[in-house]
Amino acid sequence: MMNENLKTAVDKLFADYEMNQELQDFKDEVLSDLEASTDLIKEKDSKLSDAQVVKQALSQLGDLKPVIESITVIDEANNSQVPPQDTLTKDFEIAGLLNIDIDTSTPRVLVGMDTNFTTVVSIKESTDSKVHVVYNSKNITETLDVAQTDTDLRLTLPELNWKQRWSPFKKVRMTLEVSIPKKYAGAITLNANHSDIKVSSLDNKKSDLFIHAQGSRLKLNDLTLNSIDLHASGAQVFVTKVDAVDFSSEVNAADVIYRATKAKFNLSSEAGSIKMSEIKGQGIFSNSAGYLNIEFDELLGHVELESEAGENIFKVDPIEKFNFELAAKAGTVDVKRDATFEALATDYARGTTAKNAKNNIKAQIYAGTIELR
Amino acid sequence: MSRQISSDLLRGNVDSIVLSTLLKNPRYGFEIFNTIKEKTDNQFELKEATLYSSYKRLELQKDIESYWGDETKGARRKYYRITKQGRKTYKDSLANWEDTKKIIDRLIAE
């Protein structure tokens, strides 16, 4: 009796649609799941009438219309053979160009809904003297927006509309490749939101690279630049083989790895994790409630650290002599090697004086740990 | 109001939630629904229809596979199992979620 009731109810749900094999399969699935559902409802409350049980099961089921219609939509999609695809290739002269601006930041992500599209941006060296832009997209009709003035080249990826955002069966993919010649001396600005970004093999000693990244994966590899200014939040950043006069970065809840990098740093981290190894450099490091681990191959100047409630580990080449200047309010400072230091307010730091030390390491800590090896 | 926000969040992460229920063994549709319901102590309820959309989506992305089960033990049921790629998707979305959580925590905090 109950099964008959269910069958009638399911028939009704599918009555308006033309049956095909996939829909029939789905209908069978819904019926068998509803049987399991009613069994459980009955098991929990045996006093309920059959009609009440079915009613409760259907209310748990919810509205099947979107699923059923999506199955019909898929069939239509299968019939149209070519998915929308877009390719755009353009070349630009660099004469007079001062800024190349790439923007993938158009808001297009809701929490947890970022599986429907991929954005991949790759910036690399051009083989000739022009800037080359190659854009490819799948399942999105809007194209790359290219705006050019005498001094600026601006590339903006299109925004997904609501339909594209919520249409789970059509994955949107955008790839943008920008090649930049060695002679280019202007700035490169990158504004990224939930994108995969790769900047590699650039040898532009006069160029400045500005990056604002949110929730993105960012790889900077094999770069020689004048300066890098990186702002990242909730992002993953990998920096390898980078040589820059100045490297400033402000990261927030980001995971950052630097390797084989040479620069004068100005680095600040909030609640993130920064691991740096094979570092040649100097600079200011500020860490609040994050994790900072730096292995210096070579100190090129003074190092200053300010830390608030974070964990900081410094490793300096054992033959390197340096002065260590420390101010601690609370927390632990663990100096595991000889260093010249001046402890202003701690009862923990110990060490010996290194004569003729060229460079200072200056640390200020409010709470947290500093380890110097 | 708080319930409203929470169920929006739940719906937004439904694919990851479904994948998580399949990590150990294949399950059929209603079983997935019931597992999720029990996991939340009946506090929130996603409709089965929402889950069906998710199964379709995940299947198309090759994160899960479906097959009709053996009928010898009572009713014939459609089962879902997670694929290798699905496990990777799950791992990735878990990491994404951790990041998102951190940011939301920061943004919502005073």
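**Exercise 1. Find the strand of A:Ser288 and describe its surroundings.**

*Task:* In which strand of chain A is A:Ser288 found, and does it count as buried or partly exposed?

*Solution:*
Step 1. A:Ser288 belongs to strand S13 of chain A. Strands (E, at least two residues) and helices (H or I, at least four) are DSSP runs, numbered from the N terminus. This is a predicted model, in which local features need pLDDT of at least 70 and side-chain atom pairs count only at pLDDT 80 or more, while totals for chains, interfaces and linings use all residues. Residues are numbered from 1 along each chain as its sequence is written, and chains are lettered from A and ligands numbered from 1 in the order in which they are written.

Step 2. A:Ser288 counts as partly exposed because it has 17 C-beta neighbours inside 10 Å. The cut-offs are 20 or more other C-beta atoms within 10 Å for buried, 12 or fewer for exposed, and anything in between for partly exposed, with C-beta atoms placed from the backbone.

Step 3. Leaving aside neighbours within four places in sequence, A:Ser288 is in contact with A:Glu270, A:Glu308, A:Ala309 and A:Gly310. A contact requires C-beta atoms, placed from the backbone, within 7 Å.

Step 4. Along the chain A:Ser288 and A:Gly272 are 16 residues apart, and their C-alpha atoms are separated by 8.6 Å.

**Exercise 2. Now try A:Phe285.**

*Task:* Is A:Phe285 buried or exposed, and which residues does it touch?

*Solution:*
Step 1. Start with its place: A:Phe285 lies in strand S13 (residues 273-288) of chain A.

Step 2. Count its neighbours: A:Phe285 has 21 C-beta neighbours inside 10 Å, so it counts as buried.

Step 3. If residues up to four places away in sequence are not counted, A:Phe285 touches A:Phe265, A:Leu267, A:Leu292, A:Glu304 and A:Leu305.

Step 4. A:Ser268 is 17 residues from A:Phe285 in sequence, and C-alpha to C-alpha they are 5.8 Å apart in space.

**Exercise 3. Look at the backbone angle phi.**

*Task:* What is the phi of A:Ser201, and what is the phi of A:Lys241?

*Solution:*
Step 1. Recall the background: most residues other than glycine have a negative phi, and most peptide bonds are trans.

Step 2. A:Ser201 is not a glycine, yet its phi is positive, about 50°. This residue lies in strand S9 (residues 196-214) of chain A. A:Ser201 counts as partly exposed because 14 C-beta neighbours are inside 10 Å.

Step 3. A:Lys241 also has a positive phi, near 50°. Its place is in strand S11 (residues 236-252) of chain A. With 16 C-beta neighbours inside 10 Å, A:Lys241 counts as partly exposed.

**Exercise 4. Describe how two helices pack.**

*Task:* At what angle do helix H1 and helix H2 of chain A pack?

*Solution:*
Step 1. Helix H1 (residues 2-14) and helix H2 (residues 21-44) of chain A pack at about 140°, and their axes are 10 Å apart. Axes are lines fitted to C-alpha atoms, for helices over the stretch in contact, and angles run from 0 to 180 degrees between N-to-C directions.

Step 2. On the H1(A) side, the contact is made by A:Met2, A:Asn3, A:Leu6, A:Lys7, A:Val10 and A:Phe14. H2(A) contributes residues including A:Leu23, A:Lys27, A:Val30 and A:Leu31.

Step 3. Sorted by class, this contact of H1(A) with H2(A) has eight nonpolar, two polar and three charged residues. Ala, Val, Leu, Ile, Met, Phe, Trp, Tyr, Cys and Pro count as nonpolar, Asp, Glu, Lys and Arg as charged, and the others, Gly among them, as polar.

**Exercise 5. Explore the largest nonpolar core.**

*Task:* How many residues does the largest nonpolar core have?

*Solution:*
Step 1. The largest nonpolar core has 60 residues, and A:Leu218 and A:Ala232 have the most contacts inside it. Such a core is a set of buried Ala, Val, Leu, Ile, Met, Phe, Trp, Tyr and Cys residues joined through C-beta atoms within 7 Å.

Step 2. Strand S10 (residues 217-233) of chain A gives the largest share of this core, seven residues.

Step 3. Beyond four places in sequence, A:Ala232 is in contact with A:Ala213, A:Leu218, A:Val237, A:Val251 and A:Ala254.

Step 4. Another core, of 29 residues, lies apart from the largest one, and among its members are A:Val54, A:Ala57, B:Ile17 and B:Tyr90.

**Exercise 6. Compare the chains and see where they touch.**

*Task:* How many residues does the contact take from chain B, and how many from chain A?

*Solution:*
Step 1. Chain A has five helices and 20 strands, whereas chain B has five helices and three strands.

Step 2. Of the 373 residues of chain A, 33% count as buried; of the 110 residues of chain B, 28% do.

Step 3. The contact takes 28 residues from chain B and 28 residues from chain A. H4(B) supplies the largest share of the side of chain B that touches chain A, eight residues. That side divides into eight nonpolar, nine polar and eleven charged residues.

How values were computed: Two residues are in contact if their C-beta atoms, placed from the backbone, lie within 7 Å.
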